[in-house]
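Here is a short briefing for a reader who is new to this structure. Please look over the sequence and the model first, then read on by topic.

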Amino acid sequence: MDDNMHINDSDEVDFSYPEGFEKAAKSLDFLPDDETRRQILLALVTGMAMQ
Amino acid sequence: MNTEELKMAIGDLDEDKVQALLEELSESGAQTAAAALSACQEGMEIVGAKYESGEYFVADLIFAGDLMSDAAAVIKPLLAGEAQEPIGKMAICTVKGDIHDIGKNIVKALLEASGIEAIDLGVDVSPDSIVESVKKSGVKVLALSGVLTLAIDTMKQTISALDAAGLRSEVKVIIGGAAVTAEYCAYVGADAWSLSAAEGINICRNWLKGV
Amino acid sequence: MPKLAERGIGMDAQKKLLERKELFDNAIAFKRNKRVPMLSNFFTWKIYDAGYTAKEAIYDYAVMEDVVRQFIERYQFDAYFDLGTRNPMRVTNAFGAGRHYIDEENDTVLVDDHTILLRDEYSEYITGKNEWYWSKGFKRTAKPGLTIGELKNAVQEFLVFGQFSEKMSSMLSSEYGALRTASGYAMVPFENLFLTLRGMREASLDLRKSKAEIKECMDFMFETESLPMLEQSLALESNDTAADISCAFLGHSVLNTSQFEEFYWPYLKAIIDKASAAHKTIFIMCEATMLRFAEFFEDVPKGVLFVQLEQDDVFEFRKRLPNIAFTGGMPTNLLGFGTPEECIEYAKRLIGELGDGYAFGTDKMMSYRNDAKRENLIAVCDFVREYQI
């Protein structure tokens, strides 16, 4: 994943995998690092989203 | 087509066999189609008996409802005036405030399989809408379903609304669904209650036959 | 996990926690208690009791905290199943509709039976679970055209919800000296299909239409999801919970006996065996009846299971399965439509006949206004708390 890739809040979420997932995770810039971003996003997607 | 085999296949919930037998039907006449429909209905009685004996449970009834609907969709266009007279007609719905429809749909499928015309009023149906439908259709039997305890109050309101409309003495009311108990039946003022689809259908059938 | 005092729990609350923990330990092990412990199975009912609408409480965590505090202070149960965290709609609404929604006219929370995993996607789930979740499962639950900004907001709501859940748990133990139900979690794979991925109707059909696929998927889920979750749970301490591990028992409600034997029991038995070997207890939240499958539970060692019963006759249950401790039995129709005296009389019978191996509780999840009257619940809770066995 290109670290310089620009992600706008108005972009639609890309549901391709792993590219779209990585891009969405990368956008979570309020989380400390990439691994945390992936884990939190995955927790949302596999847990909360299935509620 | 062997109607006995069809009956047993429905009773055994053997979808592949039911489909294979129904494929043979397309070249048959209306009389054979009528016999096939009867066989399916008898097969559903086997399903009901297996439920009563504890061999089948809810997942099986959901499956049986679909199997019967699919079979009826194949058979009914072939009947051409050979349709059987229903035992009678009644209305069924899930009452206002509740949206659970799986139990209601199982009961509806079993009612139709047992030769009763079941008018499905849907889910989340208000007392006023139910009274209107009862008036319009002239049904003498009404089944109210509810899974939430909240539904108990709506059932009571529905029966009060029937009373206020002067229909209560003409219409038998049965309540069903996970929320229902003997105590709630008394509180609601219904004529009967059941947690078992098969038992509920027997009660309705007896009412419609005037037993 | 730090010891109680290190977690900021004051002496009074700490004393209460220890007493309450002992009450549940004894009840689960069928040891004599001086009084019967009380477990709250109250969910959205407490919102209405506190004078709010479902919408007001569910979307505002300060209001929900007030709801939970009022409930704890008014009824003083020893353990709580729900702390206002059951319906995280702020999170689910942030990215899509979710299955739960509020019926504003009736002021209730309803849940749809819906399908996220399609019947022909079992193998996809097995071969690339995360890919399936992202590209299919999440896509289906998210609103159409979900933007990155909305997703970021949803993740932030998710984090806020996590903080709220932690705050409520900590408040319960540190301020009120009361227990949660369990610290860990175990999952029977069929529940995952029944409750979330396939839904009640489709999961029911799969048992006949896709028997091999559903079994293969459940084996996969058990190995890759249930067992790791169980191992983690077994390692947790449970000094502020009634039991060690909680386990939902809901999907059995559609199964016939042979389906239960094939698709459900092997997994649940493995969970019970592992917990038993580790000297841990399991709180089973049972919907509908358990007695229909009594024969399977006959050999479970005493002191392992603690079941929240719903539709079973509790007196019959005690005779049929004397090895299993439980809570439940207080009829909703009495709490909702009876008098305080009738409620107390019934509670006295429950305690008198069930005694050891019993924790006081209601016969269903309390969700609606008419499930209980405040004066009935106060009367019965005050009575049970003071009643010596």
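**A threonine in chain B**

A polar atom of the side chain of B:Thr154 lies 3.5 Å from the backbone oxygen of B:Leu150. The model is predicted. From this residue, the briefing moves out to the chain and then to the interfaces.

- B:Thr154 sits in helix α7 of chain B, which covers residues 150-164.
- The side chain of B:Thr154 also has a polar atom 3.0 Å from the backbone oxygen of B:Lys96.
- Leaving aside residues up to four places away in sequence, B:Thr154 touches B:Val95, B:Lys96 and B:Pro127.
- Is B:Thr154 buried or exposed? Its relative accessible area is 6%, so B:Thr154 counts as buried, the cut-off being under 20%.

**Chain B as a whole**

- Chain B holds 9 helices and 5 strands.
- Along the sequence, these elements of chain B run α-α-α-α-β-α-β-α-β-α-β-α-β-α.
- Chain B is as compact as a globular protein of its length, because its radius of gyration of 18 Å is close to the 17 Å that the globule rule gives for 211 residues.
- The C-alpha trace of chain B spans about 55 × 35 × 30 Å along its principal axes.
- Buried residues come to 53% of the 211 residues of chain B.
- Take the contacts in chain B between residues at least 6 apart in sequence: 71% of them join residues at least 24 apart.

**Chain A as a whole**

- Chain A has 2 helices and 0 strands.
- A compact globule of 51 residues would have a radius of gyration near 10 Å, and the 11 Å of chain A agrees with that.
- Along its principal axes, the C-alpha trace of chain A spans about 35 × 25 × 20 Å.
- Of the 51 residues in chain A, 39% are buried.

**Which chains touch**

- There are 2 pairs of chains that touch, and chains A and C have the most contacts among them.
- Chain A and chain B do not touch. Their nearest C-alpha atoms are 18 Å apart.
- Chain C is in contact with chain B, through 31 residues of chain C and 26 residues of chain B.

The size of an interface is often given as the accessible area lost when the parts come together.

- Chain B and chain C bury about 2,400 Å² between them. Carbon and sulfur atoms carry 59% of that area.
- Which residues of chain B lose the most area to chain C? They are B:Phe57, B:Ile99 and B:Thr149, which together make up 21% of what the chain B side buries.
- Between chain B and chain C there are 4 salt bridges.
- B:Lys96 forms a salt bridge with C:Glu105, and the closest N and O atoms are 3.5 Å apart. B:Lys96 is also one of the residues that B:Thr154 touches.
- Across this interface of chain B and chain C, 14 residue pairs are in polar contact.
- On the side of chain B that touches chain C, the elements giving two or more residues are α4 (58-75), α7 and α8 (182-188) of chain B. B:Thr154 lies in α7 of chain B.
- The largest share of that side comes from α4(B), with 6 residues.
- By class, the side of chain B that touches chain C has 14 nonpolar, 3 polar and 9 charged residues.

**Where chain A meets chain C**

- Here the contact takes 30 residues from chain A and 33 residues from chain C.
- About 2,900 Å² is buried between chain A and chain C, and carbon and sulfur atoms give 78% of it.
- How many salt bridges are there between chain A and chain C? The count is 2.
- A:Asp29 and C:Lys152 meet in a salt bridge through their side chains, at 3.8 Å from N to O.
- The interface of chain A and chain C has 7 residue pairs in polar contact.
- On the side of chain A that touches chain C, α1 (19-26) and α2 (34-46) of chain A are the elements that give two or more residues.
- The most comes from α2(A), with 7 residues.
- That side of chain A divides into 18 nonpolar, 7 polar and 5 charged residues.

Methods. Residues numbered from 1 in each chain as written. Chains lettered and ligands numbered in written order. Predicted model: local features only at pLDDT ≥ 70, side-chain atom pairs only at ≥ 80, totals over all residues. Heavy atoms only, no water. Contact = heavy atoms within 4.5 Å. Buried area = accessible area lost by both parts, 1.4 Å probe. Polar contact = N/O pair within 3.5 Å; in protein donor to acceptor, adjacent residues only side chain to side chain. Helix = DSSP H or I, 4+ residues; strand = E, 2+ residues; numbered from the N terminus. Nonpolar A, V, L, I, M, F, W, Y, C, P; charged D, E, K, R; others polar. Buried < 20%, exposed > 50% of the residue type's maximum accessible area, 1.4 Å probe, protein only. Rg over C-alpha atoms; globule rule 2.2 N^0.38 Å.
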